[in-house]
Each structure stands twice: as structure tokens, then as C-alpha cells.
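Welcome! Take a moment to look over the sequence and the model, and then let us walk through a few of its features together.

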Amino acid sequence: MKRLFITILLALPLVAVSCTKGGQGMVITPPSNTKPNTGDNGGNNNGNNNGGNNSGNNGGNTTPETPPAPGTLCTDIGQTPIVLAYFTEYTETLPEVTLLTHINYAHGRFKNPKTGDGGIVITESSKAPISKVVALKSVNPKLKVMLMIGGWGGHADGFSMMARDAAKRTEFCKSVKQLLDFHKLDGVDIDWEYPTKSADNETGCDPADTKNFNLVLEELRATLGTDKIISYASSSSHPEYVDWATAINYIDYVNVMTYDMGAAPNGHNSPLHKGNRFTHSSWDEAVQKHVKYYVPKNRQVMGVPFYGKAEKNPSEEYKVFVNSKGETGYSIKYKDIVPILEKGTYMGVALNRKLHRVWDLNSMVPYLADESGRNYLSYDDPESIEAKGLYVKNNGHLGAMFWEYRGDTDNHDLLKALVKGVYGKETVLQ
């Protein structure tokens, strides 16, 4: 993901498959083999999946069309409920692993993104390299550390070119295995954004991507065996990019990117429920869309943003978050939101107007507004994140993940709230 930040498109009437950047409201027609499950969306599952051959039975008619075959899933996905951090090469402090069960270390990318060959290379943090993160298992022995490959825009380039070529698929799978073995990692998180769809017109794509992705997953599982985790980062509103009836046989769990659903002034970044003021997609809808495409709740890891979304390219009248270089903030880390509330400053620069926190009781997220009530920044804070943790706990999900670790305060205010919601205590250690 993870990832430059994305804006999830709203569901409107279907249009033809395209490999070009879609306009607002464009929906990619699902491939014929990803026919949605039209049955009952099922009841709740406690989400305590210990890996192995989970059939995905989540109540009602929510099982995949083709149940996973024996031996095609990891036999140990780690501690559940999952609390997973995306941890990037830009982070200069080691993660607090008493608050985490899983870490996706980013970024792994194609050595030759335009051709999809040459294997995978990893960019590591100079102060928090993979070796030091893996060594934190001495603090939390149950910790799982994964390699994230891909991201938004050009960061995911190479997947389509690799997936369509048998030799390149084999090279990719072998490269992943070599990296996991060398760094003593527990699995891989595939962040291909997205099969059949070019993110920001920066990635290669092909109408056959969805079908070819199945071939990649089948060979990757055969190469890694059942002692390594395979996960995938999925669009919150477009599960149809993946043929889940097949892919769920090889992917242990799905990181649903339930953020970038909207932005100020006309939306919330990550609303838990559909609201009255902003009626675009919400967590509830993302959950049900994935269930309909054969991803049961107890295989879903829900996404929490550690950042807020302001208006992109605002007019001069509404430029509020401007740093000392004259740059206007759009995706703003939570740790940079705290001074806005406490001091009225953004990146050390005084705001040109007073903003206050407003709580949306229906969507269960806050936003910053002026005296007129205009939304300037939709974000998450400890209150909304604890509510999302409780949602995960009570709604039968496998866990929660967040993008990304460095967005939090030094005191881990957001992560502590998430752990409190999911685990009901201040640590994941058992």
C-alpha cells in the first residue's frame, strides 16, 4: 500500500473494462468468472482464524464458489485478531511490537517495472531495516513480519507484464521465496493496484490481468508452500478486480483498503457508516461488497487511515493547510493534525482561520470545520479508531490494518486506540 493515497470511486452503472485511468464514477465491469454471491450475506464469525484450510464459512451463503482445496493456505497466519501495520522505508524508528501482531514491510518493487522481469528488490529504512524489525520477535515472539510488494500508481508497475508471461511468473515467485528466506520473513503482501485498471495511468494493465493473477497466485503458493502467508490489498469499493472465487484458495486474508473513500469538503476519508451529510461509500458497504465476491468477513482485515484528507487543489479562498514552503496539504498525517487542534498551526505555520473538531454521529468520524460548518479536513482520531476496532471485534472480521506507521504520534495515540478497540486492553501480548 500501500502507497500513495487513492480516491475510491463510487458505484454507478457499469461500463466496459478499461486499462486507462477512470473518471469519477467509473466502475470496471467484473470479469465473467467473478460473478458475485447473491445469497445471504451471513452472520458474524468471531474471526479467530488460525490459518490452515479455512473454508470461509461465515454464515448463510457466503462461502466461496470453489472452497479452498486442502493444503493451499498457510497453516499459521499468526495471532488473531490481527493488528497490522504498514511500515515503510521512510520510517526511522522501530515499531512498537507490543501493539502489533503483524507488520507489512514496504516497499518491495519490480527491479524492471516496465517489463516485469529481473525479480523483486526491497528498499529498506536506514535506521529500521528489515533485520532489526524481524529481531523484535524477541519482544513479541508471535509477531509476523511480511514483505509488501507494490503500491499505488507506478509503484505497482510490473505486475501486469509479469503475470501474462509464464517465465516471468516463475522468476517472480522464485524471487519472492528467496527474499522471504533470506530475511526470515513470514510471508508476502501483494499490493497490485489494480488488475485490469491502471492507477493514475502509471501502471501497465491488460484485460486478462484478473485471469493471469490467478496463475500467479497458484504458482506463488506452490513455490512458498503452506508455511508462508499470502495476503492481498483490495480496493474497498472494487473487489471485482480480483476473481475471488479462485483467488481465495491461495490468499490467506484480504487487507481491505477502507480509506480514501472521500475527502473534504464533500466527503469523509473513512466513514464507518453511511452518513446523512456525506452519503458516499462506507465501511459497511465495503464489507458487504467483498462478501458478495466470496471474501467472507473472517478473511477480511479492515483498513484504518492514520491520516486525513483535505481538499485537493483548493481555491485561494479555502487554502488553510499551507506549510512554510507554500505547499498545500492534502493527505495529512495525524501527528500533523494534532497541532492544528491544539495550537492552530499546520507544519509550524499559523492557520488563516479558526477550525474546530466536529463529530459526525452517523458516520462515526470527525472532521475540521470553520464557523460556517464547511468541512476542511476529514480524518480519524482515537475516538473514531477505537470505534473501528470495536466494529472489527464485534462484526466477525479477522482484524484491522493501518496505513501507515509513521502517521501516528510519538505516543502511539491512534495505535493504542485501535488495540483497545480490538483487544479491550493496552497490548496485544497474551
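## A ring to start with

Is F213 buried or exposed? With a relative accessible area of 2%, F213 is buried, since the cut-off for that word is under 20%. Please keep in mind that this is a predicted model.

## Aromatic pairs

Searching the whole structure turns up 18 aromatic pairs. In one of them, the ring centres of F213 and Y232 are 5.5 Å apart and the planes meet at 50°, so this pair is tilted. F213 belongs to helix α4 (residues 209-224) and Y232 to strand β6 (residues 229-235), so the pair ties together parts that are 19 residues apart in sequence. Y232 also counts as buried, at 1% relative accessibility.

Another pair, F321 with Y346, is edge-to-face, with 5.9 Å from centre to centre and 70° between the planes. F321 sits in the loop between β9 and β10, while Y346 is in strand β11 (residues 345-346), so parts 25 residues apart in sequence are tied together. F321 is buried at 4% relative accessible area, and Y346 is buried at 8%.

Ring pairs also link a cluster made of F110, F159, F172, W192, F213, Y232 and W244.

## An arginine over two rings

Now find R374. It lies over the face of Y318, at 3.7 Å from the ring centre. The charged end of R374 also sits over the ring of Y376, 4.9 Å from the centre of that ring.

## An enclosed strand

Strand β1 (residues 82-88) has 7 of its 7 residues buried, so the rest of the structure largely encloses it. Both of its faces are covered: I82, L84, Y86 and T88 are buried on one side, and V83, A85 and F87 on the other.

What does β1 pair with? It runs parallel to strand β16 (residues 399-403), joined by 4 bridges, and I82 has G399 as its bridge partner there. With strand β2 (residues 102-112), β1 pairs in the parallel sense over 5 bridges; here L84 is partnered by H102.

## An open sheet and a helix across it

Elsewhere, 5 strands form an open sheet in the order β10-β9-β15-β14-β13, with antiparallel pairing. The edges are β10 (331-333) and β13 (356-360); each has a single partner strand, so one side of each has no neighbour in the sheet. On average, neighbouring strands of this sheet are turned by 35° against each other, direction ignored.

Strand β9 (residues 307-310) pairs with β10 over 3 antiparallel bridges, and G308 stands opposite I332 of β10. Helix α7 (residues 334-343) lies across β9, β10, β13, β14 (365-369) and β15 (375-378), at about 80° to β10.

Note on methods: Residues are numbered from 1 along each chain as its sequence is written. This is a predicted model: local features need pLDDT of at least 70, side-chain atom pairs count only at pLDDT 80 or more; totals for chains, interfaces and linings use all residues. Side-chain values use heavy atoms; hydrogens and water are left out. Buried means under 20% relative accessible area, exposed over 50%, partly exposed in between (1.4 Å probe, protein chains only). Helices (H or I, at least four residues) and strands (E, at least two) are DSSP runs, numbered from the N terminus. Two strands pair if DSSP finds at least two bridges between them. Axes are lines fitted to C-alpha atoms, for helices over the stretch in contact, and angles run from 0 to 180 degrees between N-to-C directions. Contact means heavy atoms within 4.5 Å. Rings of Phe, Tyr and Trp (its six-membered ring) pair if their centres lie within 6.5 Å; planes under 30 degrees apart count as stacked, over 60 as edge-to-face and the rest as tilted. A charge sits over a ring if NZ of Lys or CZ of Arg is within 6 Å of the ring centre and within 35 degrees of the ring normal.
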